[in-house]
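Dear colleague,

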Amino acid sequence: MTDPARPGLAAPRSAPGPAGPARLVAVLAVTQTVGYGVLTYALPVLLVPMAADLGTTPAVVAGAVAVSVLASGLVAIPVGRWLDRRGGRALMTAGSVLGVVVVAAWSQVTQVWQLYVVLGLTGVALAASTYEAAFAVLISRTAPAHRDRALLAVTVVAGFASSVFLPLTGLLSENFGWRTALLCLAGLLALTAVPGHALAVPTGAGQPGRSLRRGLPPAVSEPGFWLATAAFVAHAAAVSAMGLLLVSHLTGAGWAVTTASATAGLLGMLSVTGRLLLTGLSRRWGMATVTAVVFAVQGLGAVLLPHAASLAGAVACVVAFGVGFGVATIARPAILADRYGTAGFATTAAVMVVPLTVARAGAPLGAAALGDPGFLPVVGVSCFVAAGLLGALRFVRHPALSGSTPVAEQGGPARGG
């Protein structure tokens with residue numbers, strides 16, 4: 001095997017760093033769970049008490065979420081380039097420290113504009129310390145044959161962040177107030193994510209390449225990259241819209257709030273199930289192919305949901321959609337790494353993150369403007385489009401990319417799609 005940046009020389013093997021792969025996976029599973037739990041799931045629980053305390057409406061407070069999402073997209077490419085050039089330890093540790101400081105500052109806000117500034121910085125902390133950074137580290141340090149299982153292990157554990165931190169935040173807020181609750185969560189983040197990233201995440205780039213020194217990786221000039229990007233953007237828009245409006249649709253259809261909430265709660269649990277199925281089936285059928293099928297099943301569930309006349313029918317439609325609710329989290333990095341290799345991976349993935357971020361921020365607003373149930377057919381069509389684009393990816397050949405060695409050339413199995 002030769003170094004793609006220096007033909008004729010042996011490619012350097014990724015150093016295991018201060019933590020072996022198994023320990024790294026275990027540490028990242030914990031830090032991602034706490035990171036997402038504190039930085040994303042506190043706000044929904046604290047929305048109403050914060051709004052009352054700040055003298056504004058929950059809608060105004062919720063608008064800060066869009067600022068956080070957009071801020072994470074704004075810094076995605078600089079974060080990716082840092083990861084490719086210098087590795088993840090310093091960046092992820094700094095991102096976790098920023099998260100601690102920001103959550104502590106969040107507990108002290110007295111004006112709405114301060115909340116927007118704080119949550120904007122929360123988006124920066126998320127970009128530097130959660131999935132996008134963690135996946136880049138894992139992919140650069142894990143053998144191709146074990147990559148999907150490493151991603152699965154981290155996301156399965158972190159998939160329970162909402163199940164843990166929604167009730168935990170509610171309990172803290174109810175007993176101590178929302179400001180003290182945030183200080184407690186900041187302390188938890190300081191005790192887990194900061195030392196975890198500082199001690200377990202390796203230093204140095206896993207596989208440097210020529211593309212990292214000049215502009216963007218060449219993968220972003222390849223048509224298949226933009227085909228995959230369009231697929232995941234369409235899917236991200238559908239998932240964001242459904243996540244926001246599902247409960248209101250079910251209650252508008254006549255179901256009690258408790259029933260609607262419990263049914264919508266299936267999405268979180270099913271996201272774990274979907275990831276397990278995806279990882280297992282992709283070994284035989286290929287990640288892109290299986291993901292396309294899952295997206296199509298989601299589209300069917302969304303299109304049929306407005307016509308469900310019974311609770312059982314509505315639950316079946318939600319289950320169909322929920323199976324694919326979290327699959328893109330694993331599928332996107334796996335497909336990119338399989339197709340383009342690991343050199344410059346973080347920057348390549350970051351380029352894709354930018355339009356994904358815009359879709360996640362804007363799609364719920366567009367869906368709300370369409371009204372209920374008009375948004376559901378659009379969600380379904382978006383999933384079908386995503387499925388079709390991913391299905392077409394297997395027919396798009398890509399040239400050899402200097403500085404980016406595909407998995408098949410690295411000695412790992414070339415999975416279909």
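How do the axes of helix H1 and H7 cross, and within what distance do they come? The axes of H1 (residues 21-39) and H7 come within 11 Å and cross at roughly 175°, the axes being lines fitted to C-alpha atoms, for helices over the stretch in contact, with angles from 0 to 180 degrees between N-to-C directions. H1 is therefore roughly antiparallel to H7, a label for angles over 145 degrees. On the H1 side the contact (heavy atoms within 4.5 Å) is made by Pro21, Leu24, Val25, Leu28, Gln32 and Tyr36, and on the H7 side by Tyr131, Ala134, Val137, Leu138 and Arg141.

Please keep in mind that this is a predicted model, in which local features need pLDDT of at least 70 and side-chain atom pairs count only at pLDDT 80 or more, while totals for chains, interfaces and linings use all residues. Residues are numbered from 1 along each chain as its sequence is written, and side-chain values use heavy atoms, with hydrogens and water left out.

Helix H7 (residues 131-141) is mostly covered, with 10 of its 11 residues buried, that is, under 20% relative accessible area with a 1.4 Å probe and protein chains only; among them are Phe135, Ile139 and Arg141.

Best wishes

Terms used:
Buried means under 20% relative accessible area, exposed over 50%, partly exposed in between (1.4 Å probe, protein chains only). Helices (H or I, at least four residues) and strands (E, at least two) are DSSP runs, numbered from the N terminus. Angles under 35 degrees count as roughly parallel, over 145 as roughly antiparallel, 65 to 115 as roughly perpendicular and the rest as oblique.
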